[in-house]
Amino acid sequence: MSTTHPKDVESPLARQTLLDREQVRPVDQQQPVIRMLPRLRVVVLGGRSIVDRGRDVLLPLVEELRAAISGDPLLIATGAGIRARHALGVGLDLGLPTGALAEIAGREAEQNGHLVAALLAEQGVAYLGHDTVAHQLPVHLAASNAAVTNGYPPYGVHELPTAAGKIPAHRTDTGALLLADAWGAASLTYIRDVGGVLDGDTVLREASAADLLADATRTLPIDREALRTLQRARHVRSVQIIDGTVAGNLTKALAGEHIGTVVSA
């Protein structure tokens, strides 16, 4: 019988459980997180606020996106609109669980993604599903420098139960932020039909996620769950919310100008 002792790979995690926080902490903080696509710009087109408003709003934005393709790599994420709200209403009436509702809403965001990709097809832009954008995005960006995806996170039936009600808490705003942070994107811009975060009739130039979350009565143009996620993000430490119905706003924001509201972690 061999007397050779088994060899272990040297690691603080060897024979330890991930529930042992003393073992996980030094590994978690040992090295800085690598930015895989440090020049990537991520743009989120609101489903209800932009896509649902049709050609008068969407087509001018597509022209600005078309012009921006020649710059740094661009990822366009689309959200769900009014059709998803109707589908969610039917699902709630039928008693479907949160995970099933997340699948339904994500399908409508996907449809909007196909619409935007079709408008940019002449520039070689294609729609990428969740698996493709997660694993093959660099290849597609090397081919056309821009891509379109569904901003809804791919949790599906794995969606977390909500504290109140059954509407999925993780929607397009959060999904786009998670994607941008995972790739180490340079910027994340939310395109809406309002100038940014409002304080009465005034658009706030800057705001912190903590301050916005502290006021539960404030109406926001971005999901609160996205703000909570922003506070924990590694790379995306601020996001910009702009009014896409104003010509030139998107071009200026992508060029680094301060447009609308910048929300910081």
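Student: At what angle do α3 and α4 pack, and how far apart are their axes?
Tutor: The model is a predicted one. Two packed helices are described by the angle between their axes and the distance between the axes. For α3 and α4 the angle is about 160 degrees, and the axes are 9 Å apart.

Student: Are α3 and α4 roughly parallel or roughly antiparallel?
Tutor: Angles over 145 degrees count as roughly antiparallel. The angle between α3 and α4 is about 160 degrees. The two helices are therefore roughly antiparallel.

Student: What is the handedness of the crossing of α3 and α4, and which residues of α4 make the contact?
Tutor: The crossing of α3 and α4 is right-handed. From α3, the contact draws on Ile 82, Arg 83, Ala 84, Ala 87, Leu 88, Gly 91 and Leu 92. From α4 come Leu 101, Ile 104, Ala 105, Glu 108, Gln 111 and Asn 112.

Student: How do the residues of the contact of α3 with α4 divide into nonpolar, polar and charged?
Tutor: Arg 83 of α3 and Glu 108 of α4 take part in the contact. By class, the residues of the contact are eight nonpolar, three polar and two charged.

Student: What N to O distance does the salt bridge of Glu 108 and Arg 83 have?
Tutor: A salt bridge requires a side-chain nitrogen of Lys or Arg within 4 Å of a carboxyl oxygen of Asp or Glu. The side chains of Glu 108 and Arg 83 form one. Glu 108 lies in helix α4 (residues 98–119) and Arg 83 in helix α3 (residues 82–94), so the pair links distant parts of the chain, 25 residues apart. The N to O distance is 2.7 Å.

Student: Which residues are linked with Arg 83 in a network of salt bridges?
Tutor: The salt bridge of Arg 83 with Glu 108 belongs here. The residues linked with Arg 83 in the network are Asp 52 and Glu 108.

Student: Which residues form salt bridges with Arg 107?
Tutor: Glu 103 and Arg 107 are four residues apart in helix α4, so about one helical turn separates them. Arg 107 and Glu 110 are three residues apart in helix α4, again about one helical turn. The closest N and O atoms are 3.8 Å apart for Glu 103 and 3.5 Å apart for Glu 110. The partners of Arg 107 are Glu 103 and Glu 110.

Student: What relative accessible area does Arg 107 have, and what are the values for Glu 103 and Glu 110?
Tutor: Glu 103 is partly exposed at 33%. Glu 110 is partly exposed at 23%. Arg 107 is partly exposed too, and its value is 49%.

Student: Are α7 and α9 roughly parallel or roughly antiparallel?
Tutor: Helix α7 (residues 172–183) packs with helix α9 (residues 224–232) at an angle of about 25 degrees, their axes being 7 Å apart. Angles under 35 degrees count as roughly parallel. That makes α7 and α9 roughly parallel.

Student: Which residues of α9 make the contact with α7?
Tutor: The crossing of α7 and α9 is right-handed. On the α7 side the contact is made by Asp 173, Thr 174, Leu 177 and Leu 178. On the α9 side it is made by Glu 225, Ala 226, Thr 229 and Leu 230.

Student: Which elements do the buried residues of α9 pack against?
Tutor: The buried residues of α9 are Glu 225, Ala 226, Leu 227, Thr 229 and Leu 230. They pack against α7, β5 (187–192), α8 (209–214), β9 (238–243) and β10 (261–264).

Student: Is Asn 145 buried or exposed?
Tutor: Asn 145 sits in the loop between α6 (137–144) and β4 (146–150). Beyond its neighbours within four places in sequence, Asn 145 is in contact with Ile 69, Ser 70, Gly 71, Asp 72, Pro 73, Leu 74 and His 140. Its relative accessible area is 18%, so Asn 145 is buried.

Methods:
Residues are numbered from 1 along each chain as its sequence is written. This is a predicted model: local features need pLDDT of at least 70, side-chain atom pairs count only at pLDDT 80 or more; totals for chains, interfaces and linings use all residues. Side-chain values use heavy atoms; hydrogens and water are left out. Buried means under 20% relative accessible area, exposed over 50%, partly exposed in between (1.4 Å probe, protein chains only). Axes are lines fitted to C-alpha atoms, for helices over the stretch in contact, and angles run from 0 to 180 degrees between N-to-C directions. Angles under 35 degrees count as roughly parallel, over 145 as roughly antiparallel, 65 to 115 as roughly perpendicular and the rest as oblique. A crossing is left-handed if the near helix is turned anticlockwise from the far one by less than a right angle, and right-handed if clockwise. Contact means heavy atoms within 4.5 Å. Ala, Val, Leu, Ile, Met, Phe, Trp, Tyr, Cys and Pro count as nonpolar, Asp, Glu, Lys and Arg as charged, and the others, Gly among them, as polar.
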